[in-house]
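Here are a few notes to go with the structure, meant to be read with the viewer open. Take them one at a time and find each residue as you go.

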Amino acid sequence: MYFREPTVIRCVFFDRDGTLGTLDDVRYPQTFRLFPDAKKTIDALKARGMFVFIASNQSCVARGTDGGYDFAREFSLLGADDWFICPHDKKDGCACRKPKTGLLDEAVRKYGLIRRECAMVGDRETDIECGRAAGMFTVLLDDSGAKLTEADVSVRSLSELLYLL
Ligand SMILES: [Zn+2]
């Protein structure tokens, strides 16, 4: 049993690929398919008054393989309050590609968020590294439950978040 420090989480950041759904090919964002519990988890968090944001690396934009994919439409249909995308390639050395904290910092500035009231949820250790460096609570989505992680806690499915946050 895990006991979190008694800080209220008001804002949840989700990684996209591998966290809210799966991809056939990371170069082609249109091959994304939502996990069955993604939408209902977001709906339930929002029903509790939480803000839901997406923080996603999309180097497909820099590489020109995104085909003009409409991320805004996807994320607004999903019910996200806002989204922050790094469109750069790794070699661009930008400040926003996770595990750098640029995407989360931008959201903090834009909405005046209190970092310890935010959680970052992702399936990769780079998401966890990013959330920790940004001063946020971190949750690793790990369906095996076996990964070694620096995250504050790991969950096996998105719907487990509803018991945790
Ligand atoms: Zn970037």
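1. A term to start with: a residue counts as buried if 20 or more other C-beta atoms lie within 10 Å of its own. Keep in mind that this is a predicted model. Now look at β1: Cys 11 and Phe 13 point one way, Val 12 and Phe 14 point the other way, and all are buried.

2. Which strands does β1 pair with? With β4 it pairs in the parallel sense over 4 bridges, and 4 bridges also join β1 to β6, again running parallel.

3. Next, the largest nonpolar core, which has 37 residues. Val 12, Phe 13, Phe 53, Leu 104, Ala 119 and Val 121 touch the most other members. Elements giving two or more residues to this core include β1, β4, β6 and α4.

4. Finally, an unreviewed UniProt entry lists Cys 86, His 88, Cys 94 and Cys 96 under "binding site". Cys 86 is in strand β5, while Cys 94 is in the loop between β5 and α4. Are these two cysteines buried or partly exposed? Cys 86 is buried because it has 22 other C-beta atoms within 10 Å; Cys 94 has 15, so it is partly exposed. Beyond its sequence neighbours within four places, Cys 94 is in contact with Cys 86 and His 88.

Methods: Residues numbered from 1 in each chain as written. Predicted model: local features only at pLDDT ≥ 70, side-chain atom pairs only at ≥ 80, totals over all residues. Core = buried A, V, L, I, M, F, W, Y, C linked by C-beta atoms within 7 Å. Buried ≥ 20, exposed ≤ 12 C-beta atoms within 10 Å, placed from the backbone. Pairing = 2+ DSSP bridges. UniProt positions renumbered as here; feature names shortened; annotations may be inferred. Contact = placed C-beta atoms within 7 Å.
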